[in-house]
Amino acid sequence: MSANSAEPAAGLSIVLVKAGRTKIRYAAALLHDDGTRLAVRAPWAGDGVRDFGFVRFEAGDVFTEYYWRDRWYAVKEVRTAAGVLKGWYCDVTRPAVLTGTELVVEDLDLDLWRSADGTDVRRLDEDEFAGNGLADRDPGAAAAAVAALDELERLALGEDFTDLLA
């Protein structure tokens, strides 16, 4: 099914897991699943406003989220309720796992922000990642997470960033 399909979108439950516990669970509409990449749409699922200083997520914001079964990240396009693009929030995660109508994604603490105009690209939460113990518990996953953040930053700084989502 594509985003332009006349069929109603199927519902999924997105489950974000962190340190072995469910951090958040929310409903999303499945827009596309090609077997490797899934695209979903969901309203801002957080409580109240989340102000990062460089962007605010708030009631009415709409997230179009892209998850891969073979990549160590997820990319979330963020728009206001009026459709104005705020930018992209990228999470470094283990590859997504879809079981039935539940999409489980394990957050590995590293994040990246790219503003709508591409002039603000910033790595986030590297201190949190350094302190989470993943490098000791699972060195392979830690290396994959750092490589994913490096790849996201390279893509975000390039002109072809949105090709990733096409």
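Ala, Val, Leu, Ile, Met, Phe, Trp, Tyr, Cys and Pro count as nonpolar, Asp, Glu, Lys and Arg as charged, and the others, Gly among them, as polar. The model is a predicted one, in which local features need pLDDT of at least 70 and side-chain atom pairs count only at pLDDT 80 or more, while totals for chains, interfaces and linings use all residues. Residues are numbered from 1 along each chain as its sequence is written, and side-chain values use heavy atoms, with hydrogens and water left out.

View 1. A pocket is an open set of points on a 1 Å grid over the protein atoms alone, where a 1.4 Å probe fits and protein lies on both sides within 12 Å along at least five of seven lines; its lining residues have an atom within 4 Å of a point. The residues lining the second largest pocket divide into three nonpolar, two polar and seven charged, and among them are Lys 18, Ala 19, Gly 20, Arg 94 and Arg 137. Strand E10 gives the most to this lining of the second largest pocket, with four residues.

**View 2. Ala 19 in its loop.** Ala 19 lies in the loop between strand E1 (10-18) and strand E2 (21-33); strands (E, at least two residues) and helices (H or I, at least four) are DSSP runs, numbered from the N terminus. With a relative accessible area of 66%, Ala 19 is exposed, a word used for values over 50%, whereas buried means under 20% and partly exposed in between (1.4 Å probe, protein chains only). Ala 19 has a positive phi of about 55 degrees although it is not a glycine. Most residues other than glycine have a negative phi.

**View 3. The largest pocket and Lys 76.** The largest pocket has a volume of about 460 Å³ and is lined by 22 residues, of which Leu 16, Lys 23, Trp 44, Arg 50 and Lys 76 lie nearest its centre. By class, the lining of the largest pocket has 10 nonpolar, one polar and 11 charged residues. Lys 76 belongs to strand E7 (residues 73-79) and counts as buried at 10% relative accessibility. The side chains of Lys 76 and Asp 91 are joined by a polar contact of 2.8 Å, that is, a pair of N or O atoms within 3.5 Å, of which, within protein, one must be able to donate a hydrogen and the other to accept it, and residues adjacent in sequence count only if both atoms are side-chain atoms.

**View 4. Aromatic rings around Phe 63.** Trp 44, Phe 52, Phe 54, Phe 57, Phe 63, Tyr 89 and Trp 113 form one aromatic cluster. Rings of Phe, Tyr and Trp (its six-membered ring) pair if their centres lie within 6.5 Å, and planes under 30 degrees apart count as stacked, over 60 as edge-to-face and the rest as tilted. By this rule, the count comes to 11 aromatic pairs. The rings of Trp 44 and Phe 63 have centres 5.8 Å apart and planes at 25 degrees, so this pair is stacked. Phe 57 and Phe 63 form an edge-to-face pair, 5.1 Å centre to centre with 80 degrees between the planes. Phe 63 is buried at 6% relative accessibility, and Phe 57 is buried with a relative accessible area of 4%.

Terms used: Points joined across faces, edges and corners; volume = space filled by probe spheres on them.
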